[in-house]
Amino acid sequence: MVVIAICGVPGTGKSRLAELFSKNGFYAVHLSQLVVENKLYDGYDKKRDAYIINEHKLVRKVKEIVAKHSNVVVEGIGAEALPSDIVDVCIVLTCEPFELERRLLERGFPHEKIEENLEAERFGIILGEALSNYGESKIMVLDTTYTSTEELYRVIVNELRKRGLQL
Ligand SMILES: Nc1ncnc2c1ncn2[C@@H]1O[C@H](COP(=O)(O)OP(=O)(O)OP(=O)(O)O)[C@@H](O)[C@H]1O
Ligand SMILES: [Mg+2]
């Protein structure tokens with residue numbers, strides 16, 4: 001049984017990678033979808049255009065899912081902050097700012113949001129949070145700038161086997 005968290009700023013390719021795991025037998029949890037479908041929020045922040053997540057409810061739901069399925073991937077903003085004891089490996093996806101900007105422009109992100117995310121990426125905010133939450137031994141950092149999602153998937157599966165995790 002393996003539980004993998006996939007994190008990274010928007011546009012690093014978390015959802016795509018999780019889809020590949022899903023095609024290969026993993027149960028995929030998309031945190032943003034999970035929050036909406038199960039009303040795991042306390043309200044909506046109009047200014048930030050985002051739900052105010054109820055962490056307690058979210059963690060309870062993720063634990064429920066993890067208990068029911070053998071191999072699980074949990075992806076999305078917030079995957080860097082799940083309880084460390086339920087996560088075996090945390091994959092942190094990164095992307096060089098010039099390419100991240102291109103991806104976010106393509107997705108129609110407003111200028112302000114792009115700048116905010118580029119800054120978070122330059123400072124390695126998500127990596128820092130993942131490291132302090134899960135500890136170095138559970139972290140795998142992968143640069144998505146020049147590598148396809150399929151290739152990343154192969155690299156990860158290889159690495160997991162080397163680490164002795166049964167998939
Ligand atoms: N490895 C990759 N190589 C090239 N382009 C990629 C790669 N991964 C993702 N992309 C591009 O980035 C876009 C965003 O990918 P994806 O939706 O998986 O990101 P995300 O991290 O889930 O973002 P969000 O946090 O907003 O949900 C894709 O549509 C694709 O164009
Ligand atoms: Mg996504």
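**Helix 7.** I looked up its length first in this predicted model. Helix 7 covers residues 149-162 and has 14 residues. At 1.5 Å a residue it should span 20 Å, and its end C-alpha atoms are 20 Å apart, so the two agree. The expected span is 1.5 Å times one less than the number of residues. G164 follows helix 7 and has a positive phi, near 85°.

**How I read the model.** Residues are numbered from 1 along each chain as its sequence is written, and chains are lettered from A and ligands numbered from 1 in the order in which they are written. Local features need pLDDT of at least 70 and side-chain atom pairs count only at pLDDT 80 or more, while totals for chains, interfaces and linings use all residues.

**Elements.** I found seven helices and seven strands in the protein. Both are DSSP runs, numbered from the N terminus: helices are H or I with at least four residues, strands E with at least two. From the N terminus the order is β-α-β-α-β-β-α-β-β-α-α-α-β-α.

**Ligand 1.** Which residues come nearest to ligand 1? I noted P10, G13, K14, S15 and R16, out of 15 around it. A residue is near if its C-beta atom, placed from the backbone, lies within 6 Å. Helix 1 (14-23) and helix 7 each give two or more residues to this shell. Helix 1 gives the most, with three.

**Burial.** I checked the 167 residues of the protein, and 29% are buried. Buried means that 20 or more other C-beta atoms lie within 10 Å of the residue's own; 12 or fewer means exposed, in between partly exposed, with C-beta atoms placed from the backbone.
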